[in-house]
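Hi,

Here is the structure I promised to pass on. Have a look at it first, and my notes on the packing follow below.

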Amino acid sequence: MRVGLLTGGGDCPGLNAVIRAVVRKGEMGYGDEIVGFLDAWDGVIQRRTMTLDVRSLRGMLPKGGTLLGTKRGNPYDQPDGPSGVIATFEEMGLDALIVVGGNGSLSVASQLYKDFGLPIIGVPKTIDNDIVGTDTTFGFNTAVQIATDAIDRLHTTAESHDRVMVVEVMGRHSGWIATHAGIAGGATVILIPELPFDVDEVVRILQARHERGRYASIVVVAEGAEPGEGSMPGREKVYDKFGHVRLRGIAELLAPEIEARSGLETRVVLLGHVQRGGTPSAFDRVLATRYGVAAIDAVQQRAWGQMTAIRGNEVVLMPLSETAGKTRPVDLYLYRDVASVFFG
Ligand code: F6P
């Protein structure tokens, strides 16, 4: 078979491991030819490709990023976008398209399958871990480890100066990274997008802790967390050219409020894209490899319109339509009944 492959949305540690697995099993197991599209949907519409073979992927397993390049953007936002995708597919004689992406790319894949019956298979990726239908996404474990390492380091400087450190981590709609890294790093408070926060309550927890003689506090805040009504001024929404809201910066608004209301010296650390860069953890390499193998197996089974997912320890296929347009919130049991036990 001739199989197209693209990586879409934000990059994520483990993308190269998926590509490597698709190519290895496709070429050596099934005699497939894998065509990589550069820069996500742009590469499909503009027919910018690279041939992927086992040789060209040597050494890629531990590399972060994606050798195909990636971009935000949706072909449905361009008048000839969807027809451009179909034209490329037909004229290049492709038999299948594997889309490795987050909520945005998987929704596009679902729509292309629904509108045109495009033989498509999805693979979920995102450090945010917010894709419905899979227990976890690759990239998340790596991001949590990076954030935890940073929090561990911040403890000693915070203790030396008796300061509050407000650490902002990624997580647009879901507090998965904040909750996991906050638990692992021993955070004093964790703030997540799913539950609007009250600054006075944060200050009460910090002051009580300091009164008990604890020197320093770490507040972990997800970039998508928002103050509750009347708690503190909200932030202005800034959009990128794809209409994607830029959420970075809540920590910079929160820290001065904490300092003013508590009298505790407060500093801000924005972890930003450090969480997405560099080598994937062993866990993510294994998960990404399993997804890649499952995706090319799904191509042979002609399981179109499905995506790979992990449930328990099993990799399964599920309809893309069940994940399209949705976001998976953090496990609130984990937040309320485990993480918050350690607040203060
Ligand atoms: O991929 C998800 C994510 O890492 C979000 O957590 C974050 O808000 C966003 O990407 C940042 O996107 P960009 O790289 O386009 O600024």
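**Helix pairs and a sheet**

Helix 7 crosses helix 8 in the right-handed sense (right-handed if the near helix is turned clockwise from the far one by less than a right angle, left-handed if anticlockwise). Please keep in mind that this is a predicted model, in which local features need pLDDT of at least 70 and side-chain atom pairs count only at pLDDT 80 or more, while totals for chains, interfaces and linings use all residues. Residues are numbered from 1 along each chain as its sequence is written, and side-chain values use heavy atoms, with hydrogens and water left out. Helices (H or I, at least four residues) and strands (E, at least two) are DSSP runs numbered from the N terminus.

Axes are lines fitted to C-alpha atoms, for helices over the stretch in contact, and angles run from 0 to 180 degrees between N-to-C directions. On the helix 7 side, the contact (heavy atoms within 4.5 Å) is made by Val199, Asp200, Val202, Val203, Leu206 and Gln207, and on the helix 8 side by Leu254, Glu257, Ile258, Arg261 and Ser262. Six of these residues are nonpolar, two polar and three charged (Ala, Val, Leu, Ile, Met, Phe, Trp, Tyr, Cys and Pro count as nonpolar, Asp, Glu, Lys and Arg as charged, and the others, Gly among them, as polar).

The second pair is helix 5 (residues 140–161) and helix 6 (residues 176–185), whose axes come within 8 Å and cross at roughly 45°. These two helices are therefore oblique to each other, and the crossing is right-handed. Among the residues that meet are Phe140 and Ile151 in helix 5, and Trp176 and Ile177 in helix 6. This contact divides into nine nonpolar, five polar and one charged residue.

Now the sheet: four strands form an open sheet in the order 7-8-6-11, with parallel pairing (two strands pair if DSSP finds at least two bridges between them). Strand 7 (189–191) and strand 11 (266–270) are the edges, each pairing on one side only. From one strand to the next, the twist averages 20°. Strand 7 pairs with strand 8 (residues 217–222) over three bridges, and Leu191 stands opposite Val221 in strand 8.

Best wishes

Methods:
Parallel < 35°, antiparallel > 145°, perpendicular 65-115°, else oblique.
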